[in-house]
Protein chains: 2
Amino acid sequence: MQFSSRLLEQAVDEFGRLPGVGKKTALRLVLYLLKQPDADVSRFTGSINLLKENIRYCKNCFNISDQEVCEICVSPKRDHETICVVEDTRDVMAIENTNQYQGVYHVLGGLISPMDGVGPSDLKIEALIDRLRSGNISEIILALSATMEGDTTIFYLSRKLKEFDVQVSTIARGIAFGGELEYVDELTLGRSIATRVPLSEK
Amino acid sequence: MQFSSRLLEQAVDEFGRLPGVGKKTALRLVLYLLKQPDADVSRFTGSINLLKENIRYCKNCFNISDQEVCEICVSPKRDHETICVVEDTRDVMAIENTNQYQGVYHVLGGLISPMDGVGPSDLKIEALIDRLRSGNISEIILALSATMEGDTTIFYLSRKLKEFDVQVSTIARGIAFGGELEYVDELTLGRSIATRVPLSEK
């Protein structure tokens, strides 16, 4: 791509660094911003700078929060004996959207991934152990992605958590609702047959 | 979407305003930026602010440029008697990439679109007329998108340009190279039959 302006090229380069944004999309976004009023553009860049400078994480569960302790962690309505361990704040939002979970969370901030140089010490695992030591925790739900990194992290955590008198579970894996059997990959289908659930107790 | 932080929500809202960026993508991009070093994020926002504040348009062809007159307009190697009229700077880049065009450009800055409230006076049409009046122009190539807005603009321009002793042409429309006939839409196929080109002169 040949740019007629170095400033334009720099902005497109920066946008192109974002995940899933190629050069052409970056150019489209930058030209869109160029057409917007000055106030809109400074509000755009300002909101990012503001977030980056003032971002805080709940000191309890490490979810993104504007307060020192997040709303979920201070809520008396939540079940503080159950901790759902997730990768990042998006998973918290996804689970909250289901309205099916009343416990609290623990945000690891990533998954163990030797390929990307992410080890257990880069994640909030020690903080989770501390919560187990200090609190009255009865169950840990590992709600991690069904990927190699997710499985590695589940394996590591399950060994770490063995010494505690706590129920450890993972979220169920199987075919999704609305999923047609013929399009499900073999691994998922095989596992959902192996972990089949009886329709009624005999 | 329920956000655990108002700052996060604001940044996601701002990203979500970009064309083609939905809420989920916006959240992914914002969380990605959050994980980057401070310096990277301020370089990202800085490059946009810098571009927005210092952007200049060539006073001749209105292409984005760092100088008062762009490199193409000052180049003695270009054919300054041929002007290619395009919608925006992306089209200049696309045409430059072909290495097929040696003339100069005129960037309209948009297309006539009554639906979006864009009239002829919002575009650099008067400036194009001025160039015709003052310069030694022999041909105007209208390289505009094959959309309703493009056709409307071509129609408007062709009438405006009638009073000048200048050859006005539009870029050819037809089936694309590598395009399979059965997948071409009827309009394009019909037009490319109507405007068929003889293989050899009889």
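## Aromatic pairs

Two rings of Phe, Tyr or Trp form a pair if their centres lie within 6.5 Å, and planes under 30 degrees apart count as stacked. In this predicted model, 6 aromatic pairs occur over all chains. For A:Phe15 and A:Phe44, the ring centres are 6.4 Å apart and the planes meet at 10 degrees, so this pair is stacked. A:Phe15 belongs to helix α1 of chain A and A:Phe44 to helix α3 of chain A; the pair therefore ties together parts that are 29 residues apart in sequence.

Both A:Phe15 and A:Phe44 are buried. Together with B:Phe15 and B:Phe44, these residues form one aromatic cluster.

In soluble globular proteins, nonpolar side chains tend to be buried together. Here the largest nonpolar core has 44 residues, and those with the most contacts inside it are A:Leu8, A:Phe15, B:Leu8 and B:Phe15. The elements that give two or more residues to this core are α1 (6–16), α2 (23–35) and α3 (38–54) of chain A, along with α1 (6–16), α2 (23–35) and α3 (38–54) of chain B.

When residues up to four places away in sequence are not counted, B:Leu8 touches A:Leu51 and A:Ile64 in chain A, as well as B:Phe3, B:Leu27, B:Val30 and B:Leu31 in chain B.

## Domains and an annotated region

Chain A is assigned domain 1 (6–54) and domain 2 (57–170). The C-alpha centres of these domains of chain A lie 33 Å apart.

An unreviewed UniProt entry lists residues 58–73 of chain A as "zinc finger region: C4-type". The end C-alpha atoms of this span lie 8 Å apart, and the span is 19% helix and 12% strand.

Methods. Residues are numbered from 1 along each chain as its sequence is written. Chains are lettered from A and ligands numbered from 1 in the order in which they are written. This is a predicted model: local features need pLDDT of at least 70, side-chain atom pairs count only at pLDDT 80 or more; totals for chains, interfaces and linings use all residues. Side-chain values use heavy atoms; hydrogens and water are left out. UniProt positions are given in the numbering used here, feature names are shortened, and annotations may be inferred rather than shown by experiment. Helices (H or I, at least four residues) and strands (E, at least two) are DSSP runs, numbered from the N terminus. A nonpolar core is a set of buried Ala, Val, Leu, Ile, Met, Phe, Trp, Tyr and Cys residues joined through side-chain atoms within 4.5 Å. Buried means under 20% relative accessible area, exposed over 50%, partly exposed in between (1.4 Å probe, protein chains only). Contact means heavy atoms within 4.5 Å. Domain bounds come from an automatic or database domain assignment. Rings of Phe, Tyr and Trp (its six-membered ring) pair if their centres lie within 6.5 Å; planes under 30 degrees apart count as stacked, over 60 as edge-to-face and the rest as tilted.
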